[in-house]
Amino acid sequence: MNNLILIGMPGAGKSTIGVILAKVLGYQFLDSDILIQKQEKRKLHEIIDQEGYHGFQKIENRVNASIDAENTVIATGGSVVYCDEAMRHLKSAGTVIYLKLSLKSLSRRLGNLKGRGVLLKEGQSLRDLYEERAKLYEKYADIVIDEEGKDLEASLQAVLETLGEKE
């Protein structure tokens, strides 16, 4: 399969870079968070509020594990790396690209985490979340793009150059 799967923290630019990357490559674009909202007929924060942490994870795993796409850039939710079945499926469907950004830069980019539908455990801070997820992003990534100090254009260029080197 020749899909590109973008993983990383909320605010790393998965959706923004994904749309432009899809246009440049002539691919389709799929945002798995929007797919979850469409299938559940609820916003992410509503699902998290109503189903709880583990309930949301089950839904996220099911939806991501069922994605059937080709020639598509897939922007995943930041918490998809907790879903082993979904990640195995996504890795088999294409190249997984981790958009890596420092905690300091993410803190500047992010506003209200709950409003964004970010999956946080009770009492968990952004730092806790970052430290917990960074290892998982590294584990699943085929390619790591360090976005530190890069604007959108430079991040996109780094992805395209890395993909070009891989082919």
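Because the model is predicted, local features require pLDDT of at least 70 and side-chain atom pairs count only at pLDDT 80 or more, while totals for chains, interfaces and linings use all residues. Residues are numbered from 1 along each chain as its sequence is written, and side-chain values use heavy atoms, with hydrogens and water left out. Helices (H or I, at least four residues) and strands (E, at least two) are DSSP runs, numbered from the N terminus.

Helix H2 spans residues 32-40, and its buried residues are Ser32, Asp33, Ile36 and Glu40. They cover an arc of only 110° around the axis, so they lie on the same side of H2; the arc is that of the directions from the helix axis to the C-beta atoms. Here buried means under 20% relative accessible area and exposed over 50%, with partly exposed in between (1.4 Å probe, protein chains only). On the face of H2 turned away from its buried side are the exposed residues Ile34 and Lys38. The buried residues of H2 pack against strand E2 (28-31), helix H3 (44-65) and strand E3 (72-75).

Each end of H2 has a local feature to inspect. At its start, a side-chain oxygen of Asp31 comes to within 2.9 Å of the backbone nitrogen of Asp33. A polar contact is a pair of N or O atoms within 3.5 Å; within protein, one must be able to donate a hydrogen and the other to accept it, and residues adjacent in sequence count only if both atoms are side-chain atoms. After H2 comes Lys41, with a positive phi near 55°, in the loop between H2 and H3. Lys41 counts as exposed because its relative accessibility is 73%. A positive phi near 55° in a residue other than glycine is also found for Asn71, which belongs to the loop between H3 and E3. Asn71 counts as partly exposed, at 33% relative accessibility.

Axes are lines fitted to C-alpha atoms, for helices over the stretch in contact, and angles run from 0 to 180 degrees between N-to-C directions. The crossing of H2 past H3 is right-handed; a crossing is left-handed if the near helix is turned anticlockwise from the far one by less than a right angle, and right-handed if clockwise. Among the residues that meet are Ile36 and Glu40 in H2 and Ile47, Phe56 and Ile59 in H3.

Ile47, in helix H3, is buried, with a relative accessible area of 0%. Leaving aside neighbours within four places in sequence, Ile47 is in contact (heavy atoms within 4.5 Å) with Ile36, Glu40, Arg42, Gly52, Phe56 and Ile59. Ile47 and Ile59 are twelve residues apart in sequence, and their C-alpha atoms are 9.0 Å apart in space.

H3 also packs with helix H4 (residues 84-93), at an angle of about 20° and with axes 8 Å apart. These two helices are therefore roughly parallel to each other, and H3 passes H4 in a left-handed crossing. Asn61, Asn64 and Ala65 in H3 meet Asp84, Glu85, Ala86, His89 and Leu90 in H4.

Note on methods:
Angles under 35 degrees count as roughly parallel, over 145 as roughly antiparallel, 65 to 115 as roughly perpendicular and the rest as oblique.
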